[in-house]
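Please find below a short note on the model under review. It is set out as numbered points, to be read beside the sequence and coordinates.

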Amino acid sequence: DPVVLASKAVLDFASLESKLIRAKRIDETLSPFVAVTLVWFLKRWGLTYLMPNASMYGTISRRLFSVFGGDTQSGLAALEAVIDKAAANLLDWPMSFEVASETADLLYCLVRSKQIRGSLMRCRSWWRILEAYANGHESIMALQSTALSKLVQAICYAAAEAAAAAAAAA
């Protein structure tokens, strides 16, 4: 399936960019414009293909659903790659306000999906973001007010989903 192949290529690029950001190779190899464009794409791709709600589509590629569906390991791995990219942008690339703003919007948009909200707590990178927020990490506190607001809303939506799931399990 060409959509699956293209999606995996973009996720691989996002993972590479995250590794470069964490290695502090920002100035010599990375472009904020490319990063913003990548996050813009991940936001739109994530809302459409990542852990899709089958009831929203008349037909959906079985291959796409089996690779990026919410009940699959590969779907969770794809979500982890997207959230890892968000964590790298927010926590390790503090001087790019446009990248941080687009990244906060990515998280805010992704939590609109119940399937994604329910899976976030299983992502190590999500916990990294939560810990940084809870500890007042300098790059989180330096976010512009609209970006910080979107990040806080994303955290609250995901926390509410986790609380609801825990209450239902009890």
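1. Basis of the note. This is a predicted model, in which local features need pLDDT of at least 70 and side-chain atom pairs count only at pLDDT 80 or more, whereas totals for chains, interfaces and linings use all residues. Residues are numbered from 1 along each chain as its sequence is written, and side-chain values use heavy atoms, with hydrogens and water left out.

2. Salt bridges overall. The structure holds 8 salt bridges, each defined as a side-chain nitrogen of Lys or Arg within 4 Å of a carboxyl oxygen of Asp or Glu. One network of such bridges links Lys-43, Glu-102, Asp-105 and Lys-150.

3. Lys-43 with Glu-102. The side chains of these two residues form a salt bridge with an N to O distance of 2.8 Å. Lys-43 belongs to helix α3 (residues 32-49) and Glu-102 to helix α6 (residues 97-110), so the pair ties together parts that are 59 residues apart in sequence. Helices here are DSSP runs (H or I, at least four residues), numbered from the N terminus. Lys-43 is buried, at 6% relative accessible area, and Glu-102 also counts as buried, at 17%. The classes are buried under 20% relative accessible area, exposed over 50% and partly exposed in between, with a 1.4 Å probe and protein chains only.

4. Lys-43 with Asp-105. In this salt bridge the closest N and O atoms are 2.4 Å apart. The pair links distant parts of the chain, with Asp-105 in helix α6 and Lys-43 in helix α3, 62 residues apart. Both Asp-105 and Lys-43 are buried.

5. Glu-161 with Lys-114. The closest N and O atoms of this salt bridge lie 3.0 Å apart. Glu-161 is in helix α10 (residues 145-169) and Lys-114 in helix α7 (residues 114-120), so parts 47 residues apart in sequence are tied together. Glu-161 is buried, with a relative accessible area of 14%, whereas Lys-114 is exposed, at 54%.

6. Helix α1. How far apart are the end C-alpha atoms of helix α1? They are 30 Å apart, which agrees with the 30 Å that its 21 residues (residues 2-22) should span; the expected span is 1.5 Å times one less than the number of residues. The buried residues of α1 include Val-4, Leu-11, Glu-17 and Ile-21.

7. Ends of helix α1. Asp-1 caps the N-terminal end of α1, with a side-chain oxygen 2.9 Å from the backbone nitrogen of Val-3. Just after α1, Lys-24 adopts a positive phi of about 60°.

Conventions:
Helix = DSSP H or I, 4+ residues; strand = E, 2+ residues; numbered from the N terminus. Polar contact = N/O pair within 3.5 Å; in protein donor to acceptor, adjacent residues only side chain to side chain.
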